[in-house]
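Work through the exercises below with the sequence and the 3D view at hand. Each task is followed by a solution in steps.

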Amino acid sequence: MCRITAAGKEAAVARFLQEFPDAPRAGRDHPALRGCDDIAWADFGCPAGVPALLRGLLDPAAAAEAERVLCNVLMDGVFTMGPAMPAALPFLLRLAADPVVPVRTELVEVLFVVAELSHPVDGSSERAIRFLGSDRDHPERARCRAVFFEHAELVHGLLDDRTLPDGLIPPEERASLLRAAAA
């Protein structure tokens, strides 16, 4: 299974900052990002540049690359969230709720993935545990469900938002988000 190493994450953030040196200033005062600098991202095995990536989501020129790099930084593998995802999730939810965010649609799609990966794994299914790991080994699942629950109002607002493109939230993704927010 593909794993994203800490060195790979650091290198990706460094490349992003080199390519888009002004991006971290784009969202400096955005209310959705209040507190992102106060988190000890390194404690989660993440580069210190996570706040710069979050701010980069607000820079029209850098947003697409910031979203791509941020997703790689917050994930440990294709179907594995990293331990920093619960810390980043409130910021992603608040940004996805803001219609002026350049990559809003992409962030909503990221929320679908996080919600789906947050659901408990059937402990009686050897195949599920082999593929996704046990919940005991992945406490970030329960932590993400707690964040979705804490921010259930934002989740419901997204599901009712008429400014999002039609068809963006199919019934199965809607159900997954609602299930995660009901934790």
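**Exercise 1.** Which residue forms a salt bridge with K9, and where in the chain do the two partners lie?

Solution. This is a predicted model.
- Step 1: The partner of K9 is D76, and their closest N and O atoms are 2.8 Å apart.
- Step 2: K9 belongs to helix 1 (residues 6–19), while D76 belongs to strand 1 (residues 75–77).
- Step 3: The two are 67 residues apart, so the pair links distant parts of the chain.

**Exercise 2.** Decide whether K9 is buried or exposed.

Solution.
- Step 1: The relative accessible area of K9 is 4%.
- Step 2: Buried means under 20%, so K9 is buried.

**Exercise 3.** Find the salt bridges that D37 forms with R28 and R55, and state what they build together.

Solution.
- Step 1: Between D37 and R28, the closest N and O atoms are 3.8 Å apart.
- Step 2: Between R55 and D37, the N to O distance is 2.4 Å.
- Step 3: R55 sits in helix 3 (residues 50–56) and D37 in the loop between helix 2 (23–26) and helix 3, so this pair ties together parts that are 18 residues apart in sequence.
- Step 4: Through shared partners, the salt bridges join R28, D37 and R55 into one network.

**Exercise 4.** Classify R28, D37 and R55 as buried, partly exposed or exposed.

Solution.
- Step 1: D37 has 48% relative accessibility and counts as partly exposed.
- Step 2: R28, at 48%, also counts as partly exposed.
- Step 3: R55 has 3% relative accessibility, so R55 counts as buried.

**Exercise 5.** How many salt bridges does the structure hold?

Solution. The count is six.

Terms used: Residues are numbered from 1 along each chain as its sequence is written. This is a predicted model: local features need pLDDT of at least 70, side-chain atom pairs count only at pLDDT 80 or more; totals for chains, interfaces and linings use all residues. Side-chain values use heavy atoms; hydrogens and water are left out. A salt bridge is a side-chain nitrogen of Lys or Arg within 4 Å of a carboxyl oxygen of Asp or Glu. Helices (H or I, at least four residues) and strands (E, at least two) are DSSP runs, numbered from the N terminus. Buried means under 20% relative accessible area, exposed over 50%, partly exposed in between (1.4 Å probe, protein chains only).
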